[in-house]
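The sequence and structure come first.

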Amino acid sequence: YHFDGGNVPGTWNAMLCLRKDLEGGHLAVPQLGVAFAVRDAAMIVFNAQKYMHGVLPFRRASAAACAWAT
């Protein structure tokens with residue numbers, strides 16, 4: 001978990017979620033006690049300088065969906 005730094009003061013961050021054949025990867029914000037399940041090809045905007053955050057682990061959606069990786 002971390003706070004973002006180096007941003008223009010008072011601005012927010014955008015996180016774009018792109019994950020083919022993967023599940024998980026929720027945006028966790030422990031200060032708020034939440035983890036956002038961001039859909040594939042979606043974007044979430046938040047104050048990453050103010051709120052500590054991190055991304056939860058990803059996992060393969062299914063073995064069949066990832067047959068190309070074997």
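## Salt bridge

The structure holds one salt bridge, a term that requires a side-chain nitrogen of Lys or Arg within 4 Å of a carboxyl oxygen of Asp or Glu. The partners are Arg59 and Glu23, whose side chains meet at 3.6 Å, N to O. Arg59 lies in strand β7 (residues 58–60) and Glu23 in strand β2, so the pair ties together parts that are 36 residues apart in sequence. Side chains of opposite charge can pair when their charged atoms come close.

Arg59 counts as partly exposed because its relative accessibility is 48%; Glu23 is partly exposed at 34%.

## Basis of the model

The model is predicted: local features need pLDDT of at least 70, side-chain atom pairs count only at pLDDT 80 or more, and totals for chains, interfaces and linings use all residues. Residues are numbered from 1 along each chain as its sequence is written, and side-chain values use heavy atoms, with hydrogens and water left out.

## Overall make-up

The protein chain has seven strands and zero helices, giving the pattern β-β-β-β-β-β-β along the sequence. Here helices (H or I, at least four residues) and strands (E, at least two) are DSSP runs, numbered from the N terminus. Of the 70 residues in the chain, 24% are buried.

Contact means heavy atoms within 4.5 Å. Among contacts between residues at least 6 apart in sequence, 68% join residues at least 24 apart. The chain exposes about 4,900 Å², of which carbon and sulfur atoms supply 61%; accessible areas come from the Shrake-Rupley method with a 1.4 Å probe, and for residues only the protein chains shown count as cover.

## Strand pairing

An open sheet is formed by three strands in the order β4-β3-β6, with antiparallel pairing. Its edge strands, β4 (34–36) and β6 (54–55), each pair on one side only. Two strands are taken to pair if DSSP finds at least two bridges between them. Strand β3 (residues 27–29) is joined to β6 by two bridges, and Leu27 stands opposite Val55 in β6.

β1 and β5 also run antiparallel, joined by five bridges. In this pairing Met15 stands opposite Ile44 in β5. The covered face of β1 carries Asn13, Met15 and Cys17, while Ala14 and Leu16 are on the uncovered one. In a regular strand the side chains alternate between the two faces of the sheet.

## Nonpolar core

A nonpolar core is a set of buried Ala, Val, Leu, Ile, Met, Phe, Trp, Tyr and Cys residues joined through side-chain atoms within 4.5 Å. The largest one has eight residues: Met15, Cys17, Leu27, Val29, Val38, Ile44, Phe46 and Ala48. Two or more of these residues come from each of β1 (13–17), β3 and β5 (42–46).

Leaving aside neighbours within four places in sequence, Cys17 is in contact with Val38, Arg39, Asp40, Ala41 and Ala42.

## Surface patch

Trp12, Leu16, Leu18, Met43 and Val45 make up a nonpolar surface patch with about 590 Å² of accessible area together. Patches consist of residues with over 30% relative accessible area and no salt bridge; like charges are joined within 9 Å, and nonpolar side chains (Val, Leu, Ile, Met, Phe, Trp, Tyr) within 5 Å.

Trp12 is found in the segment before β1 and, at 54% relative accessibility, counts as exposed. Leu16, in strand β1, is partly exposed at 48%. Beyond its neighbours within four places in sequence, Leu16 is in contact with Ala41, Ala42 and Met43. The C-alpha atoms of Leu16 and Val45 are separated by 8.9 Å, although the two residues are 29 apart along the chain.

## Positive phi

Most residues other than glycine have a negative phi. Asp21, in the loop between β1 and β2 (22–24), has a positive phi near 60° and is partly exposed at 22% relative accessibility. Ala41, in the loop between β4 and β5, has a positive phi of about 65°; Ala41 is exposed, with a relative accessible area of 58%.

Key
Buried < 20%, exposed > 50% of the residue type's maximum accessible area, 1.4 Å probe, protein only.
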